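Me: I would like to go through the surroundings of the two ligands step by step, with each answer ending on the value or name I ask for. Here is the model to work from.

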Amino acid sequence: MITIALSKGRIFADTLPLLNAAGITPLDDPEKSRKLILDTNRAEVKLVIVRASDVPTYVQYGAADLGVAGKDVLLESDCMGLYQPLDLQIGTCKMMVAVREGFDYVAVVKSGARLNVATKYVHIAREHFAKKGMHVNLIKLYGSMELAPLTGLADAIVDVVSTGNTLKANKLMAVEEIMPISSRLIVNRAALKLKRDQIQPMIEAFERAIQ
Ligand code: ATP
Ligand code: PRP
């Protein structure tokens, strides 16, 4: 049996063509079904539907053999030793620092004032500002980061930006790119050894599909 951990939404949608290329078709649509374990056209392959931030945990403990997780999620997770054979080039976006329109970020940075920064990505933000030698107060949020500068909770946010529409709709602007983000295939190392005959062809099919 091979189990693949995926999150609903964009990761599932973007992974579907890669699964199809590997000859795997889910028998249910997670957007419509309440099932959390989905059968596929291949009796020996199952999909488990978990929160995006839980994918590395399922793979690390071997509850799933493979998974698809954003680089952001992987950098924030405490999971160690996951094998990451492929950048799947899906879920592409950028990790950015953003502030209210009109906020003079460059001047504030220059002045050395301590910034309040709200984010779901505290590890990434801490490392970014430490590298710049900036002192910041990090405020952990779980979503809707864009609200923080508008309500006075924070001066800046660290969040993923794709089209920029969410920032624009909330009168925010990106002022710094931290890193490009995309989703990775992650594999449990023990599973790779024990089930190499099944897992290796899948990795190769995914690789061919992204080329
Ligand atoms: P959780 O449900 O665990 O809080 P989430 O809401 O961030 O996670 P998704 O919104 O499904 O989960 O995002 C999954 C992944 O897709 C993210 O980890 C990130 O790598 C990428 N992503 C997030 N937002 C965008 C976007 N606007 N455009 C493209 N990719 C994105
Ligand atoms: C993400 C992110 C931004 C938005 C950016 O949210 O947190 O809010 O996408 O995308 P854009 O630049 O194309 O507007 P998402 O859509 O995942 O919603 P969520 O906050 O519920 O995770």
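Reply: Helices, here, are DSSP runs of H or I with at least four residues, numbered from the N terminus. The model is predicted, and the values below are computed from it.

Me: Which helices each supply at least two residues of the shell around ligand 1?

Reply: The shell around ligand 1 draws at least three residues from each of domain 1 (2-91 + 182-210) and domain 2 (93-180). As for helices, those that each supply at least two residues of this shell are H1 (10-21) and H3 (71-76).

Me: How many of the residues in the shell around ligand 1 are charged?

Reply: There are 16 residues around ligand 1, and Arg10, Arg51, Ser53, Asp72 and Lys120 come nearest. By class, the shell divides into 6 nonpolar and 5 polar residues, while the number of charged ones is 5.

Me: What percentage of the accessible area of ligand 1 does the protein cover?

Reply: Among the polar contacts, an oxygen atom of ligand 1 lies 2.8 Å from a polar side-chain atom of Arg10, and the side chain of Ser53 likewise places an N or O atom 2.8 Å from an oxygen atom of the ligand. Gly91 contributes through its backbone, with an N or O atom 3.5 Å from a nitrogen atom of ligand 1. Of the 620 Å² of accessible area that ligand 1 has on its own, the protein covers 77%.

Me: Which element gives the most residues to the shell around ligand 2?

Reply: Ligand 2 is surrounded by residues including Arg10, Glu146, Asp159, Val160 and Val161, and by class its shell has 2 nonpolar, 5 polar and 3 charged residues. Strand S9 (156-161) and helix H7 (165-169) each supply at least two residues of that shell. The element that gives the most, with 3 residues, is S9.

Me: What percentage of the area that ligand 2 exposes when taken alone is buried by the protein?

Reply: In the side chain of Glu146, an N or O atom is 2.7 Å from an oxygen atom of ligand 2, whereas Ser162 uses a backbone N or O atom, 2.8 Å from an oxygen atom of the ligand. A polar side-chain atom of Thr166 lies 2.4 Å from an oxygen atom of ligand 2. Taken alone, ligand 2 exposes 500 Å², and the share of this that the protein buries is 63%.

Me: In which pocket does ligand 2 sit?

Reply: The space taken by ligand 1 is the largest pocket. Ligand 2, too, sits in the largest pocket.

Conventions:
Residues are numbered from 1 along each chain as its sequence is written. Chains are lettered from A and ligands numbered from 1 in the order in which they are written. This is a predicted model: local features need pLDDT of at least 70, side-chain atom pairs count only at pLDDT 80 or more; totals for chains, interfaces and linings use all residues. Side-chain values use heavy atoms; hydrogens and water are left out. A residue is near a molecule or strand if one of its heavy atoms lies within 4 Å of it. A polar contact is a pair of N or O atoms within 3.5 Å; within protein, one must be able to donate a hydrogen and the other to accept it, and residues adjacent in sequence count only if both atoms are side-chain atoms. Accessible areas come from the Shrake-Rupley method with a 1.4 Å probe; for residues, only the protein chains shown count as cover. On a 1 Å grid over the protein atoms alone, a cavity is a set of points where a 1.4 Å probe fits but cannot get out, and a pocket is an open set with protein on both sides within 12 Å along at least five of seven lines; lining residues have an atom within 4 Å of a point. A molecule sits in a cavity or pocket if more than half of its atoms lie within 2 Å of its grid points. Ala, Val, Leu, Ile, Met, Phe, Trp, Tyr, Cys and Pro count as nonpolar, Asp, Glu, Lys and Arg as charged, and the others, Gly among them, as polar. Domain bounds come from an automatic or database domain assignment.
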